[in-house]
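I opened my notebook to look up a few things in this structure. Here is what I wrote down, entry by entry.

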Amino acid sequence: MSRTGQDVSTSLIEELAGLSASPSRRCIFRVDDQFLTVNRKAYLPEIVAIGPYHHNKGNLGRMEEYKKKYVKSLIKREVTKPKPKYKDINTFVETFVADLTALEHEIRASYAEPLSLSKDELIKMMVMDSCFIIELLKRFDDPNLSEEDDRIFRMNWMLTSLQRDLILFENQLPFFVLCMLHDMIEGENHVQLVDHAVLFFNGILPGEGNRGLVSGDLKYNYIHLLDLVHDEWLPSFSKACLREDLKNTKGTEKWEFIRCVTELQEAGIRIEKNEGTLFDIVFENKTLKIPPLTIEDRTDSILRNLIVHEQYDEYYPHFSFVSDYVKVLDCLIDSPKDVGILRQSGIIVNWKSDDEGVSTMFTDIYESVVGPSKRDFCYIGTFNQINKHCCQRRNRWMASLRKTYFSNPWAIISLFAAAALLILNLLQTIFTIMGYFKH
């Protein structure tokens, strides 16, 4: 082999040897550029950085003082309660730091990208961020724990921004770190931690959902808080979506997207508000029933981050009910007129913008999403029923009739005017004939 060939071989071998292992699917990623093309701000924290990806960025540093106050309050309350497990603040901190240091490799492996933070910087960040989150959840659950000068709970905008920031895809801590701290305070009661988190985030979710089955040691059941929120905000059909036999049968079923609300109404389909979870969209008796959706300032960001989480999760696409739900809305909403129909039906509760803004939001959200999967789309049966109705000859004829003659008031007036003229001409003809025979 020539010298040049040996140099190339040596260089390639060194690069391959230094290549790190592929990240686990169950870890904390950065948002890929394809999702950032429309609304980058939806994935960026507003007031607080959690974890390494946004650590010490811009104005997020202002929350560090609040973190310190929360950390001190949490630990002080723990060491001063009756029969404390830790005699003073120093002992508590030293114990927690030692436990985290022993898991440094596992913590680093929980992030998809190599972290440039030193060991001391990483552990300190984990202590500060986890203590802040646990204290925030505890104060939300028990307002008596809040102090008089606690601006977070005195100023509603700060609390709502924190709720949003803590479920951003990139703004996360490994869930086992939160469990470790919670264990030091409450013992191994992870169900209580999950309940605190669900209560904290419940108010910002845009609709109802079913709780998952929470039991046993949950330390590694969730990747982070966003994963917890996703898995504790379920449709009633979520178990069916995960069944192996359903995945296999759905693979052979053909289906197409449905038309927008306006065209469905023209085809004789009624649109009504449904009860149940946000995702329980059903079609029965020529009626499409859709549960109410509340749209406010945070809805766009929340849906985007939940969808990105599904795209990266190892269960995708078999558990992508948020992505599938948004695709249904994307199909139904083709114009502000469609939003208006849904709003008037009580299905969309719009606290954010006009109908055009809502229409644009759903179009933009789904622009960069991969899917839905032809095999695992949750609404295959519903779509097929709707399309079967629309394809029937009588319904197609009625749709064409409504679109041609009943699409606007002027068309209706013209139709009745033409009908009236035809009737008058017919009557004139009849009277003329009658007059002829009479004479």
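First, a term: I call a residue buried at under 20% relative accessible area, exposed at over 50% and partly exposed in between (1.4 Å probe, protein chains only). Before going on, I noted that this is a predicted model, where local features need pLDDT of at least 70 and side-chain atom pairs count only at pLDDT 80 or more, while totals for chains, interfaces and linings use all residues. Residues are numbered from 1 along each chain as its sequence is written, and side-chain values use heavy atoms, with hydrogens and water left out.

**Entry: helix H9**

Helices (H or I, at least four residues) and strands (E, at least two) are DSSP runs, numbered from the N terminus. I looked up which residues of H9 are buried. They are His190, Leu193, Val194, His196, Ala197, Val198, Phe200 and Phe201. What do they pack against? I found helix H5 (119–141), helix H7 (156–165), helix H8 (175–186) and helix H10 (225–231). For the 13 residues of H9 (190–202) that gives 18 Å, and the end C-alpha atoms are 18 Å apart, so the two agree.

**Entry: aspartate 129**

I went to helix H5 for this one. Is aspartate 129 buried or exposed? It is buried, because its relative accessibility is 2%. I then listed its contacts (heavy atoms within 4.5 Å). Leaving aside neighbours within four places in sequence, aspartate 129 touches Ala49, Ile50, Gly51, Lys67 and Leu173.

**Entry: salt bridges**

A salt bridge here is a side-chain nitrogen of Lys or Arg within 4 Å of a carboxyl oxygen of Asp or Glu. How many does the structure hold? I got 18. One of them joins glutamate 46 to arginine 164, with the closest N and O atoms 3.6 Å apart. That pair links distant parts of the chain, 118 residues apart: glutamate 46 is in the loop between helix H1 (3–17) and helix H2 (64–80), and arginine 164 is in helix H7. Glutamate 46 is partly exposed at 38%, whereas arginine 164 is buried at 5%. Arginine 164 also meets aspartate 165 in a salt bridge (2.8 Å, N to O), and aspartate 165 is buried at 0%.

Next I looked at aspartate 355 and arginine 343, whose side chains form a salt bridge (2.8 Å, N to O). Aspartate 355 is in helix H17 (355–365) and arginine 343 in helix H16 (336–344), so the pair ties together parts twelve residues apart in sequence. I also found a network of salt bridges linking Arg77, Glu135, Arg139, Glu147 and Asp150.

**Entry: strands**

Two strands pair if DSSP finds at least two bridges between them. I saw S1 (270–273) run parallel to S3 (287–290), joined by four bridges, with lysine 273 partnered by isoleucine 290. S2 (282–284) runs antiparallel to S3, joined by three bridges, and valine 282 stands opposite lysine 289. The hairpin of S2 and S3 has two residues between the strands, and there asparagine 285 takes a positive phi near 55°.

**Entry: leucine 424**

I found leucine 424 in helix H20 (409–438). It counts as exposed because its relative accessible area is 55%.

Notes:
Expected span 1.5 Å × (residues − 1).
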